[in-house]
Amino acid sequence: MSAQIKPLVAGNWKMNGLKANQSEFYKMIAGISEDLADQVDAMICAPATLLATLADKAGNGAMSVGGQDCHAAVSGAHTGDISAEMLADAGARAVIVGHSERRTDHGEGDEDVNAKAQAAWRAGLIAIICVGETEAERKAGQAIDVVARQLDGSVPDGATAANTVIAYEPVWAIGTGLTPTAGDVEEMHKAMRDNLEARFASEGAAMRLLYGGSVKPGNARELMAVANVDGALVGGASLKADDFLGILDAYS
Ligand SMILES: O=C(CO)COP(=O)(O)O
């Protein structure tokens, strides 16, 4: 938690969600009170196939919708890819870039992520830029250095608190049920804050820093209370309305 920063809890549905799952999203909208919406922003980063439908239902209400990746170009001969402009056209407000699953499955490096973040801004979207160390890097005592390098390479010049959100997702905590200790999260988020403040001054001080990796209703309150944790990026527990609302409850 940071004073003055409105937190964001974003769900990442990854490659999950058929038309039948739209009802979970509608339950989420229905479950967010006006008071809660004043305390925290909520978003689902949906698969591209559902994005426009969910965005239409979301309207300007308590929930918004984001994409999970974008191509760096505006348009062109890139079969199977989606541009940031297309996501914005479908009603997205944000897009995740540099998720570790993209970095691993598609060989994306910091330069690619940097270009995608700039594409997001070009289309008027918030870039949710993901960073995080592997288990081997943490065991080798390199976690802070690895994340600092990823921030330096992946976050473009011109990042502001309005156009950029950073998500720290230790790779070994994603989908494993393992989480770092609150102390480890605090240390990492402080290091990220210092890095971003050194580069972006007051914008870095106000940028939202999310924690992601096995966030559940049962651990959300503790993790969200850590200094410089301004919300969460949630995978598995964002698929069911009850779980997602249980996480948002950390801010009630
Ligand atoms: O990768 C994640 C969100 O982007 C985290 O996934 P889990 O919450 O399923 O661990």
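In helix 10 (residues 217-224), the buried residues are Ala220, Leu223 and Met224. They lie on the same side of helix 10, because the arc that they cover around the axis is only 85°. The model is a predicted one, in which local features need pLDDT of at least 70 and side-chain atom pairs count only at pLDDT 80 or more, whereas totals for chains, interfaces and linings use all residues. Residue numbers start from 1 along each chain as its sequence is written.

**Terms used above and below**

- A residue is buried if 20 or more other C-beta atoms lie within 10 Å of its own, exposed if 12 or fewer, and partly exposed in between, with C-beta atoms placed from the backbone.
- Helices (H or I, at least four residues) and strands (E, at least two) are DSSP runs, numbered from the N terminus.
- The arc refers to the directions from the helix axis to the C-beta atoms.
- Two residues are in contact if their C-beta atoms, placed from the backbone, lie within 7 Å.

**Overall fold**

- The protein contains 11 helices and eight strands.
- Its radius of gyration (over C-alpha atoms) is 17 Å, close to the 18 Å that the globule rule (2.2 Å times the number of residues to the power 0.38) gives for 252 residues, so the protein is as compact as a globular protein of that length.
- The C-alpha trace spans about 45 × 45 × 35 Å along its principal axes.
- Of the 252 residues, 47% are buried.
- Among contacts with a separation of 6 or more, 73% are between residues 24 or more positions apart.

- Tyr211 belongs to strand 7 and is buried, with 29 C-beta neighbours inside 10 Å.
- Apart from neighbours within four places in sequence, Tyr211 is in contact with Tyr168, Val185, Leu223, Val229 and Ala232; Leu223 is also one of the buried residues of helix 10.
- Tyr211 and Trp172 are 39 residues apart along the chain, and their C-alpha atoms are separated by 13 Å.

**Active site according to UniProt**

- An unreviewed UniProt entry lists His99 and Glu169 under "active site".
- These residues span 71 residues in sequence, yet no two of their C-alpha atoms are more than 8.4 Å apart, so they gather at one spot.
- UniProt positions follow the numbering used here, feature names are shortened, and annotations may be inferred rather than shown by experiment.
- His99 sits in the loop between strand 4 (94-97) and helix 5 (100-105); it is buried, with 28 other C-beta atoms within 10 Å.
- Glu169 occupies the loop between strand 6 (164-168) and helix 9 (182-206); Glu169 is buried, with 25 other C-beta atoms within 10 Å.
- Leaving aside neighbours within four places in sequence, the contacts of Glu169 are Ser100, Cys130, Gly132, Ile174, Gly212, Gly213 and Leu233.

**Binding site according to UniProt**

- Under "binding site", the unreviewed UniProt entry lists Asn12, Trp13, Lys14, Gly175, Ser214, Gly235 and Gly236.
- These positions are spread over 225 residues of sequence but cluster in space, with a largest C-alpha distance of 14.0 Å.
- Lys14 is located in the loop between strand 1 (8-12) and helix 1 (22-31); Lys14 is partly exposed, with 19 C-beta neighbours inside 10 Å.
- Lys14 has a positive phi of about 50° although it is not a glycine.
- Beyond neighbours within four places in sequence, Lys14 is in contact with Gln68 and Gly235.
- Gly175 lies in the loop between strand 6 and helix 9 and is partly exposed, with 13 C-beta neighbours inside 10 Å.
- Gly175 is in contact with Gly235 and Gly236, its neighbours within four places in sequence being left aside.
- Ser214 is placed in the loop between strand 7 and helix 10 and is buried, with 22 C-beta neighbours inside 10 Å.
- Ser214, which is not a glycine, also has a positive phi, of about 60°.

**Ligand shell**

- The ligand is surrounded by 14 residues, the closest being Asn12, Ile174, Ser214, Gly235 and Gly236; a residue is near a molecule or strand if its C-beta atom, placed from the backbone, lies within 6 Å of it.
- The shell divides into five nonpolar, eight polar and one charged residue.
- Ala, Val, Leu, Ile, Met, Phe, Trp, Tyr, Cys and Pro count as nonpolar, Asp, Glu, Lys and Arg as charged, and the others, Gly among them, as polar.
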